[in-house]
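Here is a quick walk through one protein chain, written for someone who would rather look at a fold than read a table. Have the viewer open and follow along.

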Amino acid sequence: LVVASDPVVGAVEGAGRLLVHINANDIACKGGEPSWFMVTLIVPARDGTECVRRIMEEVHAACGSLGIAVVGGHTELTDRYDRPVISGTMLGPSRYDLRVDKIRKGDLILATKHVGLEGMSIIACDRPDLLSFLNAKELEEARSWQKDLSVLKEARLLRDLARYMHDPTEGGLQGGLLEVRRSCGLGIALNVSDIPVSSITKRAAEKIGFDPLHLISSGVLVAVVEPDKADEALSRLSVAGIEANVIGRFIEPRGECKSDSHEELWGILDLPFA
């Protein structure tokens, strides 16, 4: 039985849906099937039961789409907070044993979709004023990325091939890889030019001033595979219509890792309104 717990602290619109996906993704990355979900909601009293209803309707819809049962939780109204505090715990069975200590030198790193898609979708939904340089079609595309935050499909395709899988949330792709590097004790040779970044995200990064590799990236699956399994992994993903690239490999460590895992989203959301 695999268990994972994660909160949502940055999003407003679609927060209930996001809560389901980030917790389901953690189970999927362990090779499991997300099956049972519990939700804790602490909601400002001024927002009332209408806020609870909205969040739980989103949770219900997202769980229904993934075949997950909501089996419990806790809800309260309080005057102690100005914004909702929501957290979820997901459980699911797994027949696989994917662990970071199985990674070996020479293993390859695959990444699906495009980095920063979660952060960009949150900005597009909650702070569209920061994206005034996008046309209406581009803004709607960024908002639509909220439908792409699940990695369950690709995780199912790769769980029998991968040594380890990871869903890079806080700190984005760079932060996620830093976690893996520190846990396995190896170095990473990253092919930055092969990391998929949407042209919309690139423009936003230039205009607003942030690093896409440090933007929260639920929906991107990072999978570690042996070199002789990489072609099969990429083929499976391609047949399923999921874009993926080999973005690096594990190498001998070269001194102390001085990278950081800061998250760009919080500073962006705190920018003054236009």
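What follows goes from the whole chain down to a few single residues.

## The chain as a whole

Keep in mind that this is a predicted model. The chain is built from nine helices and nine strands, and its C-alpha trace spans about 55 × 45 × 40 Å along the principal axes. A compact globule of 274 residues would have a radius of gyration near 19 Å, and the chain has 19 Å, so the two agree.

Of the 274 residues, 52% count as buried. As for contacts with a separation of 6 or more, 87% of them come from residues 24 or more positions apart.

## A five-stranded sheet

Look for the open sheet whose five strands run in the order S6-S8-S5-S9-S7, with antiparallel pairing. S6 (162-166) and S7 (187-190) are the edge strands; each has a single partner, so one side of each has no neighbour in the sheet. On average, neighbouring strands here are turned by 30° against each other, direction ignored.

Inside the sheet, S5 (residues 108-112) pairs with S9 (residues 244-251) over five bridges, in the antiparallel sense. Helix H6 (residues 172-184) lies across S5, S6, S7, S8 (222-225) and S9, and runs at about 145° to S7.

In soluble globular proteins, nonpolar side chains tend to be buried together. Here the largest nonpolar core holds 82 residues, and Val-20, Phe-37, Ile-103, Met-120 and Met-165 touch the most other members. Helix H1 (residues 15-29) gives the most to this core, with nine residues.

Ile-103 is a handy one to zoom in on. Leaving aside residues up to four places away in sequence, Ile-103 touches Arg-163, Tyr-164, Val-180, Cys-184, Leu-186, Val-224 and Phe-250.

## A closer look at Thr-78

Thr-78 sits in strand S3 (residues 69-78). Is Thr-78 buried or exposed? Its relative accessibility is 10%, and buried means under 20%, so Thr-78 counts as buried.

What does Thr-78 touch, not counting residues up to four places away in sequence? Its contacts are Ile-42, Val-43, Pro-44 and Ala-45. A polar atom of the Thr-78 side chain also lies 3.1 Å from the backbone nitrogen of Arg-80. Asp-6, by contrast, is 72 residues from Thr-78 in sequence and 21 Å away in space, C-alpha to C-alpha.

Terms used: Residues numbered from 1 in each chain as written. Predicted model: local features only at pLDDT ≥ 70, side-chain atom pairs only at ≥ 80, totals over all residues. Heavy atoms only, no water. Pairing = 2+ DSSP bridges. Helix = DSSP H or I, 4+ residues; strand = E, 2+ residues; numbered from the N terminus. Axes fitted to C-alpha atoms, helices over the stretch in contact; angles between N-to-C directions. Contact = heavy atoms within 4.5 Å. Core = buried A, V, L, I, M, F, W, Y, C linked by side-chain atoms within 4.5 Å. Buried < 20%, exposed > 50% of the residue type's maximum accessible area, 1.4 Å probe, protein only. Polar contact = N/O pair within 3.5 Å; in protein donor to acceptor, adjacent residues only side chain to side chain. Rg over C-alpha atoms; globule rule 2.2 N^0.38 Å.
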